[in-house]
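Hi everyone, thanks for making time for this one. Have a look at the model on the screen, and I'll walk you through what I found interesting.

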Amino acid sequence: ATLSSVFKFATMDKVSFLPGLNPNRNDLVFAICRACFERVSAGRERVERTLTSSGVVPGLRLWVIPEGVGPDSENSARRAVTRLESLWTEDRQLESLGEKTEERLFREMAKEGNDLVFHFMFWEKNKAQELVHLMVEDVPPERLAFLARKWDEAIKSVFSKVEKTGNLDWAIKSLYATLTRFAGKSEGDKLVFRDLAIKILGKMLRGEKLPIETFKQVVVKRSARLIYETENWDEVKKSLLYAQVWVEYMNRINKG
């Protein structure tokens with residue numbers, strides 16, 4: 001067996017990260033033993049079952065892979081996986097309160113200690129292929145905690161009273177939700193805004209400068225269309241306020 005039997009990752013500009021999917025590169029493929037194949041397959045199934053979120057960007061799956069660093073790296077990674085997986089066990093108890101596992105994933109990761117980093121991958125199933133849209137490596141919990149603090153600051157500066165605080169999951173999910181409102185009914189525009197949301201999330205996680213001007217231009221140009229196509233003024237107002245929150249949020253992140 002080969003790893004291409006387990007992973008079929010590809011990007012729009014590559015046949016695949018794995019040469020096994022390209023017949024012209026078969027000489028670069030090496031077989032793995034049956035025991036290794038079973039362990040890798042089991043690892044993927046475990047990630048799919050309890051370390052995956054599908055609610056950040058609709059249509060895409062987000063894998064969260066913790067990696068231990070330092071002298072006790074193996075145990076620290078194991079503890080992180082166990083604790084993140086425990087969210088799914090607790091989910092049944094929290095369901096009546098309206099708080100789902102996926103709404104606590106980033107918040108839990110931000111609590112981890114200095115002996116851990118996270119890897120994130122956004123990918124999409126497309127027939128036989130698995131298209132990778134974004135992969136960000138080595139994100140420390142401190143970065144996630146920083147993003148959570150800045151979200152609290154930004155949303156409190158726009159809304160006088162906020163019930164939820166420290167909820168990075170809420171912040172991250174609101175980006176695509178905000179952008180897609182300005183896309184209107186156009187499916188093509190929604191795809192463009194989805195790509196913009198993914199790029200912004202990648203820069204946030206990497207600690208790169210965020211494209212505030214681009215975001216503002218999108219919102220300003222589409223505001224008239226939003227008002228024209230939306231019958232409920234409260235929804236228009238909510239969309240504009242969340243766009244304002246995101247401008248404030250990105251400004252605060254860029255300033256550090």
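Let me start with how the elements are assigned: helices (H or I, at least four residues) and strands (E, at least two) are DSSP runs, numbered from the N terminus. On that basis, the order along the sequence is β-α-β-β-α-α-β-β-α-α-α-α-α. That comes to 8 helices and 5 strands.

A word on what we're looking at. This is a predicted model, where local features need pLDDT of at least 70 and side-chain atom pairs count only at pLDDT 80 or more, while totals for chains, interfaces and linings use all residues. Residues are numbered from 1 along each chain as its sequence is written, and side-chain values use heavy atoms, with hydrogens and water left out.

Now the chain as a whole. I'll call a residue buried under 20% relative accessible area, exposed over 50%, and partly exposed in between, using a 1.4 Å probe and protein chains only. By that rule, 43% of the 256 residues are buried. Contact means heavy atoms within 4.5 Å. Taking the contacts with a separation of 6 or more, 64% are between residues 24 or more positions apart.

On to the core. A nonpolar core here is a set of buried Ala, Val, Leu, Ile, Met, Phe, Trp, Tyr and Cys residues joined through side-chain atoms within 4.5 Å. Which residues touch the most other members of the largest one? They are F120, L144 and F215, out of 65 residues in that core. Helix α8, residues 233-255, gives the most to this core, with 9 residues. If you zoom in on F215, leaving out residues up to four places away in sequence, you'll see that F215 touches L175, L179, I200, A243, W246, V247 and M250.

That brings me to the aromatics. Rings of Phe, Tyr and Trp (its six-membered ring) pair if their centres lie within 6.5 Å; planes under 30 degrees apart count as stacked, over 60 as edge-to-face and the rest as tilted. This rule gives 8 aromatic pairs. One of them joins F118 and F120: the ring centres are 6.4 Å apart and the planes sit at 35°, so the pair is tilted. F118 is buried, at 0% relative accessible area, and F120 is buried too, at 2%. Another tilted pair is W151 with W246, at 5.8 Å centre to centre and 50° between the planes. This pair links distant parts of the chain, with W151 in helix α4 (residues 141-158) and W246 in helix α8, 95 residues apart. Both W151 and W246 are buried. These two tryptophans also belong to one aromatic cluster, made of W151, W170, W246 and Y249.

Next, the pocket. On a 1 Å grid over the protein atoms alone, a pocket is an open set of points where a 1.4 Å probe fits, with protein on both sides within 12 Å along at least five of seven lines; lining residues have an atom within 4 Å of a point. Grid points are joined across faces, edges and corners, and a volume is the space filled by probe spheres set on the points. How big is the largest pocket in volume? About 780 Å³. Among its 24 lining residues, F7, G43, R44, V47 and I65 are the closest to its centre. The elements giving two or more residues to the lining are α1 (34-50), β3 (61-68), α2 (73-94), β4 (116-126) and β5 (129-139). The largest share, 6 residues, comes from α1. The lining then divides into 15 nonpolar, 3 polar and 6 charged residues.

Y176, in helix α5 (residues 168-183), is buried at 13% relative accessible area. Beyond its neighbours within four places in sequence, Y176 contacts V56, V57, P58, K190, R194 and A197. K199, in helix α6 (residues 187-206), is exposed at 58%. And D138, in strand β5, has a positive phi of about 55° although it is not a glycine.

Conventions
Ala, Val, Leu, Ile, Met, Phe, Trp, Tyr, Cys and Pro count as nonpolar, Asp, Glu, Lys and Arg as charged, and the others, Gly among them, as polar.
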